[in-house]
Amino acid sequence: MADSETPLVVRDLHKSFKDVSVLNGVSLEAHEGDVITLIGASGSGKSTFLRCMNLLEVPDAGELIVHGEHVAFKQNKKTREPASWKQVERIRSRLAMVFQGFNLWAHMSLIGNVIEAPVHVLGVPKKQARERGMALLERVGLADRADYFPAQLSGGQQQRGAIARALAVDPEVMLFDEPTSALDPELVGDVLAVMRELADEGRTMVVVTHEMDFARDVSSQVIYLHEGRVEETGAPAEVLSRPDSPRLRQFLAPRF
Amino acid sequence: MLDFQGYGPRLLEGAWLTAELALASLAAALVIGLVVASAKSSRSLVAKSVATFYTTIIRGVPDLVMMMLLFYGGQIGINMATDALNAHLGTDWFINVNAFAAGVVTLGVIYGAYMSETFRGAFLAVDAGQMEAARAYGMSGWLAFRRIRFPLMMRHALPGINNNWLVLLKSTALVSIIGLSDMVYVADQATKATHQPFLFMVPVGLGYLAITAVSELVVLGLKRRFDTGFSQAT
């Protein structure tokens with residue numbers, strides 16, 4: 001059960017864009033060390049769900065609790081917005097996101113990207129942030145690329161750099177938004193290998209992905225979304241091998 | 001040695017005034033431009049309408065007309081305000097509009113409109129993912145602007161800013177009509193007194209060229225600064 005130590009709790013989230021409802025009451029509980037994968041067809045709401053978790057999208061209804069801290073919302077005439085952007089910024093700095101398109105800051109070197117949030121958001125001394133940043137780049141195999149700019153790196157290198165940037169804020173939960181979807185097939189393996197390592201060392205992760213092998217081997221829980229609802233969820237061995245829902249069976253079918 | 005017939009020192013002072021006025025106006029125009037560009041890309045309908053109204057008016061009216069309107073109109077407006085205050089408080093205040101300040105305000109207001117369009121285009125040219133990453137890592141609005149949006153946007157804005165700046169620099173010559181002794185004003189007076197237009201106008205032209213030459217160097221340096229990370233692509 002969720003308590004104040006649970007890194008991330010999401011309850012009954014709803015979200016519409018204009019008249020199109022994308023999320024119709026989805027929930028999730030990420031405990032320490034959980035790796036939760038969100039799967040589903042495009043348009044199922046899985047990316048929106050993830051983006052609601054760090055409030056890149058503001059949910060229309062539902063609860064968001066990060067390490068026991070409830071995100072406060074205020075209701076305007078038509079829209080809902082966070083009551084305190086200060087709180088949102090604090091919470092975001094504890095949930096690091098890795099994007100499909102990497103989104104490394106183009107005008108900063110790789111090490112500059114890695115130390116940016118620690119130095120300017122968290123107030124870590126620059127020298128200390130740099131040392132830690134270099135160690136993280138070492139981890140993802142990019143120590144020799146620290147002074148390169150994103151445009152000088154391959155997609156796979158950029159994504160591993162983006163993972164180092166995420167690790168640099170020592171996040172409670174790492175959010176991955178289709179981290180390998182924009183990569184050439186031969187570069188996917190390196191990124192997944194880094195993610196497997198993170199899972200093995202007990203990082204709490206929520207991963208939107210189409211990589212079914214990753215979901216099967218690494219995750220502690222799989223959530224299958226369909227039309228903004230949790231259609232089926234459970235341990236990967238159950239959900240991916242013996243799906244109850246006909247829709248999930250169909251979703252998985254082309255892979256067999 | 002050229003004999004400037006005693007106008008030499010005043011001509012230099014005029015050149016200095018031109019440079020000061022141009023730089024102060026540039027600063028004003030950049031600030032106004034950024035604010036108006038932000039207003040135009042904001043979600044608030046009011047901010048958007050006010051900003052659009054401002055740029056439409058300014059860009060449609062000649063600089064000279066605008067300057068006279070703001071200088072004389074501004075003085076009348078201030079007189080009316082002080083008169084009203086004086087009547088209430090029994091005081092005897094009078095504020096004289098300073099011609100230099102009026103010049104800076106006018107040029108700033110005019111070129112702020114052009115700058116805002118330059119900035120707006122530059123904002124749109126920045127990949128949305130860059131700001132999204134800034135937000136996702138907990139940056140406040142101001143921090144994200146300072147660290148991410150501004151440096152990325154400047155790469156796109158710089159050519160437009162440079163263009164506007166060169167036009168602004170030459171528009172400073174208009175301030176002579178509101179009584180400021182910039183270098184054109186001094187040269188004009190000297191020409192009228194001595195009937196030697198070339199003696200005075202050629203140095204004035206060279207003076208403007210000197211300022212633009214220096215500014216080209218500055219722009220080159222800035223371009224290098226804001227191209228960091230882009231020019232080195234593999």
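1. **Ground rules.** This is a predicted model, in which local features need pLDDT of at least 70 and side-chain atom pairs count only at pLDDT 80 or more, while totals for chains, interfaces and linings use all residues. Residues are numbered from 1 along each chain as its sequence is written, chains are lettered from A and ligands numbered from 1 in the order in which they are written, and side-chain values use heavy atoms, with hydrogens and water left out.

2. **Chain B, fold.** Chain B has eight helices and zero strands. Its pattern along the sequence is α-α-α-α-α-α-α-α. Helices (H or I, at least four residues) and strands (E, at least two) are DSSP runs, numbered from the N terminus. The C-alpha trace of chain B spans about 65 × 60 × 30 Å along its principal axes.

3. **Chain B, burial and surface.** Chain B has 234 residues, and 42% of them count as buried. Buried means under 20% relative accessible area, exposed over 50%, partly exposed in between (1.4 Å probe, protein chains only).

4. **Chain B, contacts.** Contact means heavy atoms within 4.5 Å. Among contacts in chain B with a separation of 6 or more, 76% join residues 24 or more positions apart. One pair shows such a span: Ala19(B) and Tyr208(B) are 189 residues apart in sequence, yet 8.9 Å apart C-alpha to C-alpha. Ala19(B) sits in helix 1 (residues 8–40) of chain B. Its relative accessible area is 19%, so Ala19(B) counts as buried.

5. **Thr82(B).** This residue lies in helix 3 (residues 63–89) of chain B. Thr82(B) is buried, at 6% relative accessible area. Leaving aside residues up to four places away in sequence, Thr82(B) touches Trp93(B) and Ile95(B).

6. **The A–B contact.** Chain A gives 27 residues to the contact and chain B gives 25 residues. The two chains bury about 2200 Å² between them, 60% of it on carbon and sulfur atoms. Buried area here is the accessible area (1.4 Å probe) that two parts lose on being put together, summed over both. Two salt bridges are counted between chain A and chain B. A salt bridge is a side-chain nitrogen of Lys or Arg within 4 Å of a carboxyl oxygen of Asp or Glu.

7. **Helix 5 of chain B.** Seven of the nine residues of this helix are buried, so it is largely enclosed by the rest of the structure. Among them are Gly129(B), Met131(B) and Glu132(B). The buried residues of helix 5 pack against helix 1 (46–53), helix 2, strand 8 and helix 5 (155–168) of chain A, together with helix 6 of chain B. Gly138(B) follows the helix, with a positive phi near 85 degrees.

8. **Arg51(A).** Glu132(B) forms a salt bridge with Arg51(A), with the closest N and O atoms 2.8 Å apart. Glu57(A) also forms a salt bridge with Arg51(A), at 3.2 Å between the closest N and O atoms. Both Glu57(A) and Arg51(A) are buried.

9. **Glu116(A) and Arg147(B).** Their side chains meet in a salt bridge of 2.7 Å, N to O. Glu116(A) is in helix 3 (residues 110–120) of chain A and Arg147(B) in helix 6 of chain B, so the pair joins two chains. Glu116(A) is buried at 2% relative accessibility, whereas Arg147(B) is partly exposed at 25%.

10. **Arg139(A) and Glu201(A).** This salt bridge has its closest N and O atoms 2.9 Å apart. The pair links distant parts of the chain, 62 residues apart: helix 4 (residues 126–139) and the loop between helix 6 (185–200) and strand 10 (205–208) of chain A.

11. **Backbone points to check.** Most residues other than glycine have a negative phi. Asp12(A) has a positive phi of about 55 degrees. Asp12(A) lies in strand 1 (residues 8–17) of chain A and is partly exposed at 42%. Glu227(A) also has a positive phi, near 50 degrees. Glu227(A) is in the loop between strand 11 (221–226) and strand 12 (229–234) of chain A, and is exposed at 53%.
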